[in-house]
Amino acid sequence: MSGVRPGTRHYAVVCSSCGTRYEDDGLLLDCSRRHEPAFLHTEYDRTGTHTRESTGLFRHAPLLPVVRTFPEAPGPVVHHAARLGHRIGLDRLWVAFNGYWPERGAYLPTCTFKDLEAYTVLGRLPADPPVLVIPSAGNTAAAFAWAATCHQVPCLLVVPAPALERMRFPAPLDPCVRIVVLDGTATYSDAIAAADLISALPGHHAEGGARNVGRRDGLGTVMLEAADALGGLPEAYVQAVGSGTGAIGCHEAAHRLRSAGDALPRLLMCQNAPFAPLYQAWRSAGPADTGLEHEPLARELTNRRPPFTVRGGVRGVLTESGGDVLCTDNVAALDAMALFEEVEGIDIEPGAGVALAALAQAVHDGRVRRDELVLLNITGGGRARQARDLALIPAEPWLRVPWPGREAGPRAVAELVAEHSTGLTAATEAAR
Ligand SMILES: [Zn+2]
C-alpha cells in the first residue's frame with residue numbers, strides 16, 4: 001500500500017461522552033477515559049486543503065477520515081424515483097442506489113453499500129498497517145476482500161460458511177487477504193467471538209465495526225450525495241438495518257451538512273421479522289438482544305448485538321431525529337423486491353426489499369406523509385445483473401475450521417490462525 005500523504009490529518013476524533021479530542025492514528029476505536037460506552041466521532045477542519053476526486057466516493061474526501069483516496073472507487077448514486085413513489089403513494093421519493101447498475105452509473109464492485117465503508121476504513125489506515133481483522137455475515141467481508149485486494153492492504157476476514165456464496169469477484173483475491181471460514185452451524189455471532197480473539201494476536205488489529213469512524217462516515221456519503229442531488233436534506237431517511245451503522249453515519253453526515261434551523265431527517269430504520277432485535281429494543285427500551293436466531297430473508301440484518309444504548313448509537317440518533325424502527329416480514333420484502341425490479345428495471349437485495357416494504361407500509365398507515373421528501377437507501381442491488389455482465393470467480397478460503405467440532409470454539413480458531421500465520425512466515429523465510 002502506498003500513497004499516504006504526509007502532514008496532519010484534516011480532522012480530529014472526538015469522544016461523544018466526555019469530549020476528549022484525539023489526533024487520529026487511523027486505528028483508534030475508543031476513548032481512553034473511564035465512562036459510559038460512547039462512540040468517537042469525527043470533526044472536520046473545513047479550512048484545510050485536501051485531495052478530492054471528481055467522481056465517486058472520494059468526491060466527498062473533505063468529509064471522510066482518510067489520508068489516502070482511491071481514485072477509481074465508485075460511490076452511491078441518487079435519483080428521483082417518481083414512478084416507484086407513485087406506486088407506494090409518495091409524491092417525492094428519492095432513491096440512493098448502492099450497487100451495480102450501469103445505466104445509472106452505479107458500479108459498486110460487491111453490489112452493496114459496504115463497499116463505501118471498506119474503501120473509507122482502508123483509506124483511514126496509517127502507513128504499514130497491522131492486519132485488519134473483520135468478522136462478517138457476508139457483505140462486509142466481500143467489500144473488504146475486494147477493496148483490500150485492489151489496494152494490497154492486509155486483511156483477515158472471519159465468516160460463517162454461508163457467507164462464502166457472496167465471495168465472488170472479478171479476479172482472484174490478493175494473498176494479503178485471508179478468509180477464515182467457520183464451517184457447519186457457525187453464525188455471525190460465532191464469527192464475532194473468534195475475530196475478537198484473533199485481533200489480540202501480535203500484528204493484528206480489530207477493525208471495530210460501528211465504532212470505526214471510517215465505517216460510519218463512509219456510509220454517511222449516501223447522505224452527502226443525496227443532499228447534493230436534492231439541494232438539501234430529505235425530511236425522512238429510510239434504511240434496512242442490522243447494526244444501524246449506516247443510519248447512524250447518515251445522521252452524523254446530516255449534522256455536518258445542515259444549516260442553522262434545518263431539521264434533521266427523521267430516521268426510519270427497518271428490520272426483518274422474526275429477527276428484529278433493534279425493533280424490539282426500541283419498542284421495549286430493553287437490551288438489544290432477543291437471544292433468538294431464526295431465519296429471516298435478509299441475513300445481513302441479523303446482528304445480535306447492535307450498538308443500541310452506546311452514546312451516539314442507535315437509541316440516541318432515533319431520539320434526536322424523531323425517528324422510529326419499522327418491521328416487516330419476508331413475504332412483504334419479496335413483494336417489494338419484485339416491485340422495484342418491475343418499476344426500476346434492476347434487482348435489489350433482500351435488505352433493500354425490507355426497507356421498501358416497510359416504507360410502503362408506513363405510507364399506508366399514515367406514518368409517512370404523501371408529500372414528505374423521502375430518501376430511500378437501497379443498500380444493495382444489481383447482483384443478478386452483475387452476474388450476467390461479468391465473469392466472477394469464487395474466492396478461496398485461507399483456512400476452514402469445523403464448527404462445532406472437537407477443537408472448535410473461538411479460542412481454537414485464534415490458535416489455528418496463529419499457527420497457520422507462523423507456518424506461512426516460516427515458509428516464506430525458508431524460501432528466501
Ligand atoms: Zn471519553
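C111 sits at 0% relative accessibility and so counts as buried; here, buried means under 20% relative accessible area, exposed means over 50%, and partly exposed is anything in between (1.4 Å probe, protein chains only). The place of C111 is the loop between β7 (106-107) and α2 (114-124). Helices (H or I, at least four residues) and strands (E, at least two) are DSSP runs, numbered from the N terminus. C111 has a positive phi of about 70°, even though it isn't a glycine. Most residues other than glycine have a negative phi, and most peptide bonds are trans.

A word on the model itself: it is predicted, so local features need pLDDT of at least 70 and side-chain atom pairs count only at pLDDT 80 or more, while totals for chains, interfaces and linings use all residues. Residues are numbered from 1 along each chain as its sequence is written, and side-chain values use heavy atoms, with hydrogens and water left out.

Back to the backbone: Q152 isn't a glycine either, and its phi is positive at about 50°. This residue is in the loop between α3 and β9 (155-160), and Q152 is partly exposed, with a relative accessible area of 43%. Then there's the peptide bond from A273 to P274, which is cis, with omega near 10°. P274 belongs to the loop between β14 (266-272) and α8 (277-284).

Next comes the metal site. The zinc ion has C15 (SG), C18 (SG), C31 (SG) and H35 (NE2) as its protein donors, at 2.0 to 2.3 Å. Donors are N, O and S atoms within 2.8 Å of the metal (3.2 Å for Na, K and Ca); water is not among the atoms, so sites may look incomplete. Along the chain, the zinc donors follow the spacing C-x2-C-x12-C-x3-H. C18 is partly exposed, at 35% relative accessible area, whereas C31 is buried, at 13%. The four donor atoms subtend angles of 104 to 114° around the zinc ion, which makes the arrangement tetrahedral. Four donors count as tetrahedral if all angles lie between 85 and 135 degrees; four count as square planar and six as octahedral if opposite donors are over 155 degrees apart and all others between 65 and 115; anything else is irregular. Ideal angles at a metal are 109.5 degrees for four tetrahedral donors, and 90 or 180 degrees for six octahedral ones.

What about disulfides? The count comes to zero, a disulfide being a pair of cysteine sulfur atoms within 2.5 Å. Take C155: its closest cysteine sulfur is in C176, 7.0 Å away, so that's too far for a bond. C155 is buried, at 0% relative accessibility. C327 is in no disulfide either, since the nearest cysteine sulfur, in C270, is 9.3 Å away. C327 is partly exposed, with a relative accessible area of 30%.

On to the interior. A nonpolar core is a set of buried Ala, Val, Leu, Ile, Met, Phe, Trp, Tyr and Cys residues joined through side-chain atoms within 4.5 Å. The largest such core has 83 residues, and L122, L157, M167 and M269 have the most contacts inside it. Helix α3 (residues 139-151) gives the most to this core, with eight residues. A second, separate core has 39 residues, including A236, V343, A355 and L356. Contact means heavy atoms within 4.5 Å. Leaving out residues up to four places away in sequence, M269 touches Q239, V241, A247, V314, V317, L318, D324, V325 and L326.

Helix α11 (residues 350-364) is largely enclosed by the rest of the structure, because twelve of its 15 residues are buried. Among them are P350, G351, A355, L356 and V363. The expected span of a helix is 1.5 Å times one less than its number of residues. Just after α11, G366 takes a positive phi of about 80°.

T42, in strand β3, is buried at 3% relative accessibility. Apart from residues up to four places away in sequence, T42 touches Y11, A12, P65, V213, D217 and R256. T245 lies in helix α7 (residues 245-257) and is buried too, at 5%.
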